[in-house]
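Hi,

Here is the structure I promised to pass on. Have a look at it first, and then read on for what turned up.

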Amino acid sequence: MTFFILQLFLLLFWNRTNASPTVPDQLFSSLIPQKIANTSNSLPSPIQYPQYTTTWNVSNPGTWLDFIPDTWTSGFFPASLYALNTRQNLCGVTDANALGVADWVELGRSASTGLIPLETNNTNLQHDVGFVSFPFAEELLINPQNETAIQAVNAFATDLAARYNPTVGCTRSWDTEDPTDFTVIIDNMMNLEVLWASYTLTGNSTLIDIANSHANTTMINHFRDDGSTWHVVEYNSTTGNVIRKRTSQGYADSRHYNSTWSRGQAWALYGFANMYNHTKNADFLLTAQRAANYFLEHIPSDGIVPWDFDAPLSPSPRPADSSAATIAANGLLLLAQVDPANATNWSNAAIQILQNVTSLAWDSSWQSLLSNGTVNWPENNFLTGIVYVQLSGLIFSKGDYYYITAANMLVQMGLAECKEVAASNSTPTAVSNGSSLARQTCWGIKTYIFIVILAASLY
């Protein structure tokens, strides 16, 4: 009888310690459409776009800083407006969810007009024409016949393809004074999507050849044996040989040691999962899995994604990067869709990351959705809100964008239900030291073994 009771207790305990992580309510907070609508209505004229916010140590923290359209993050805010249209289609409109406060498609179209001149005249975008194409790709999901969007996607794809060097096998990322110095950064994996979008419109298979070549070359030269990534690889443009591997925005850059910048690792995870989704090339899936495993295994025990996985804990605080967290969460959810054998592991990890970053960085008083973004630590730009961190995958514009898209993906995948979360009810609970999925599982296994031994001895 004693053995039976212990076995019953063991079963209940095991189910509790291994329960799936909880989707944070803040992903569906009414503050999200309210904040984004307010930002949209406050865009300056001539138009500029939010990239990141003022930092925590000024008198007005969390206030958006706007930049000219010829900036790599300019597409994220208009794409966030389209992402909220997707949210509206998924969840409907109620007074509580506040999704009816704006016509998101019209706002997205209006905000995107400032990007159109970049099709033929841009000097700062370089390889990031792919990111700027995001809102036009979203428009084509709504109206596939929209000529403005078609022209934009094709023009940006042509621009990126023109940066391809067949000797190197990649598209150039950053322009350099020395034309033989051909610089490629891991971020560029994300820009390959515009080549696929244009291929769908034109049938131009050269674009796909370029995307595959770039991914294959990056897979060989940007990854270390342990699955971590170099931020920057420099090639000789005439021979294709690798000259140097280094980091630009990470912690350490020396001849003897290079660190792993977390956002770059997230770009790699997402980018290779996306390439596998398009090609079904098993090497791309394996590469995405390696990037994901490294990312997850190197999240500290507190569950907070740092700006660089090798940055020292002391002196504290080691800056977090909410954009790396939300980008990785999107990549993991995509990986769950294309890797069904491991789907539960990837989706649970994504939800845990979203839970932890929400507890850390959700700030109702800021104009951005999230705080604690690290734009560029070497340039002392951290503890900000970032536009590419929004709900679908980026900090507002990057972190906020990816935060929004992550929630949309969870609903589309049947892993979450739309919620009606009023602004007053969207205060997160603090991250605990035991919030990490890995720590919970490890502790549960140890306790399981102990109880089995105890039960056997009593029996």
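Let's start with how α9 and α10 are packed. This is a predicted model, and in it the axes of helix α9 (residues 193-202) and helix α10 (residues 205-221) come within 8 Å, crossing at roughly 160°. An angle over 145° counts as roughly antiparallel, so that is how α9 and α10 are described relative to each other. Their crossing is left-handed.

Which residues make the contact? On the α9 side they are Leu195, Trp196, Ser198, Tyr199 and Thr202. These meet Ser205, Leu207, Ile208, Ile210, Ala211 and Asn212 in α10. Sorted by class, the contact of α9 with α10 has 7 nonpolar and 4 polar residues, with no charged ones.

Now the pairings themselves. β5 and β6 run antiparallel and are joined by 5 bridges; in this part of the sheet, isoleucine 185 stands opposite valine 232 in β6. β6 and β7 form a hairpin, with 5 residues between them. If you look into that turn, check glycine 240, which has a positive phi of about 85°.

Last item: how many disulfides are there? A search of the whole structure finds 1. It joins cysteine 91 to cysteine 418, with an S to S distance of 2.0 Å. The angle about the S-S bond is -70°, and the link of cysteine 91 and cysteine 418 is left-handed. This pair ties together distant parts of the chain, 327 residues apart. Cysteine 91 is in helix α3 (residues 76-91), whereas cysteine 418 is in the loop between α15 (399-412) and α16 (437-458).

Cheers

Conventions: Residues are numbered from 1 along each chain as its sequence is written. This is a predicted model: local features need pLDDT of at least 70, side-chain atom pairs count only at pLDDT 80 or more; totals for chains, interfaces and linings use all residues. Side-chain values use heavy atoms; hydrogens and water are left out. Axes are lines fitted to C-alpha atoms, for helices over the stretch in contact, and angles run from 0 to 180 degrees between N-to-C directions. Helices (H or I, at least four residues) and strands (E, at least two) are DSSP runs, numbered from the N terminus. Angles under 35 degrees count as roughly parallel, over 145 as roughly antiparallel, 65 to 115 as roughly perpendicular and the rest as oblique. A crossing is left-handed if the near helix is turned anticlockwise from the far one by less than a right angle, and right-handed if clockwise. Contact means heavy atoms within 4.5 Å. Ala, Val, Leu, Ile, Met, Phe, Trp, Tyr, Cys and Pro count as nonpolar, Asp, Glu, Lys and Arg as charged, and the others, Gly among them, as polar. Two strands pair if DSSP finds at least two bridges between them. A disulfide is a pair of cysteine sulfur atoms within 2.5 Å.
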